[in-house]
Amino acid sequence: MCRENFLNYQKLDTTDMENWIKISNHPSPKEKSSIFVSSFGNTMSVVNGRHMPLRDLDWYYKGHGGGIIQNKENVVFPKYGLKAGIETEILTMHYIDHNLNPVFVGYTLGLDISYKGLRSNDSFLSNFSHLSQTVVSNKIIEQSYPKSSIITTEIIRDNKIIWCVRSLAGSKNMNINPNCMFHYLFRNKDILLPNMIFYSLTGSATSIDKADILIKDNDQIRATLDDKKIILSNTLRDEI
């Protein structure tokens with residue numbers, strides 16, 4: 001099991017590359033529906049600098065491309081979400097080529113947003129609490145999935161840093177072989193269609209949820225991967 005390698009960078013052929021660039025950069029409303037966003041949980045051995053116990057792998061569907069937020073855009077929390085949880089993670093990108101093969105085209109930094117107040121009030125709504133926006137950097141690292149990376153996350157309030165954590169990410173710092181995660185995701189060939197894009201959050205290195213930080217309207221979250229190789233900076237707003 002898990003002998004396939006889903007995380008080695010591969011170059012697309014000319015036609016697939018043109019489609020990938022078009023859909024990933026400027027998707028039409030129809031093309032947004034071909035972007036599949038999901039999140040793996042309980043994958044990291046260390047979160048917020050603390051060692052985590054071994055737990056069963058989690059997976060959540062987060063929605064299609066309509067829920068993607070880019071760097072410097074506002075993240076708006078809906079009223080029904082109650083309290084927000086945000087986790088900073090490496091996000092992988094797979095493109096389904098014309099032969100229905102998932103091709104790893106690179107990785108970037110992402111923010112996994114969920115509504116922890118929703119699942120705290122009603123535990124049976126846990127899966128629905130992850131059906132939410134995802135912040136994705138528009139800078140892609142066209143390399144294989146990293147063995148080790150450093151993610152730094154800050155919360156800024158009234159121009160002051162009120163919380164800052166550096167944590168390890170990458171395959172060496174995970175409780176599970178990441179290829180196994182994608183083996184489970186891609187083994188059902190019936191869900192794969194040509195030109196689909198899979199954005200996958202691979203597990204939280206830093207978690208505002210686990211730190212019990214209460215997000216307030218107009219807070220700013222700033223995250224960097226490997227000492228500013230990639231930077232995300234987004235303002236967090238409550239729905240009016």
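**Pockets and the central sheet**

In the second largest pocket, the lining residues comprise seven nonpolar, seven polar and two charged, where Ala, Val, Leu, Ile, Met, Phe, Trp, Tyr, Cys and Pro count as nonpolar, Asp, Glu, Lys and Arg as charged, and the others, Gly among them, as polar. The model is predicted, so to speak of local features a pLDDT of at least 70 is needed, side-chain atom pairs count only at pLDDT 80 or more, and totals for chains, interfaces and linings use all residues. Residues are numbered from 1 along each chain as its sequence is written, and side-chain values use heavy atoms, with hydrogens and water left out.

The second largest pocket holds about 240 Å³ of space. Its lining has 16 residues, with Ser24, Asn25, Ile68, Gln70 and Tyr199 nearest the centre. Helix 1 (14-25) and strand 5 are the elements that give two or more residues to this lining. Helices (H or I, at least four residues) and strands (E, at least two) are DSSP runs, numbered from the N terminus. On a 1 Å grid over the protein atoms alone, a pocket is an open set of points where a 1.4 Å probe fits, with protein on both sides within 12 Å along at least five of seven lines; lining residues have an atom within 4 Å of a point.

For the largest pocket, the space is about 420 Å³. Gly41, Asn42, Arg55, Glu87 and Lys210 are the closest to its centre among 25 lining residues. Six of the lining residues are nonpolar, eleven polar and eight charged. Strands 1, 4, 7, 8 and 12 each supply at least two residues of this lining.

These strands belong to an open sheet of seven strands with mixed pairing, in the order 4-1-12-7-8-9-5; two strands pair if DSSP finds at least two bridges between them. Strand 4 (58-64) and strand 5 (68-70) form the edges, each pairing on one side only.

Strand 1 is largely enclosed by the rest of the structure, because seven of its seven residues are buried (under 20% relative accessible area, 1.4 Å probe, protein chains only). Ile35, Val37, Ser39 and Gly41 lie on one side of strand 1, and Phe36, Ser38 and Phe40 on the other. Strand 1 pairs with strand 12 in the parallel sense over five bridges, and Ser38 has Ser200 as its partner in strand 12. Six bridges join strand 1 to the antiparallel strand 4, where the partner of Ser38 is Tyr61.

Conventions: Grid points are joined across faces, edges and corners, and a volume is the space filled by probe spheres set on the points. Buried means under 20% relative accessible area, exposed over 50%, partly exposed in between (1.4 Å probe, protein chains only).
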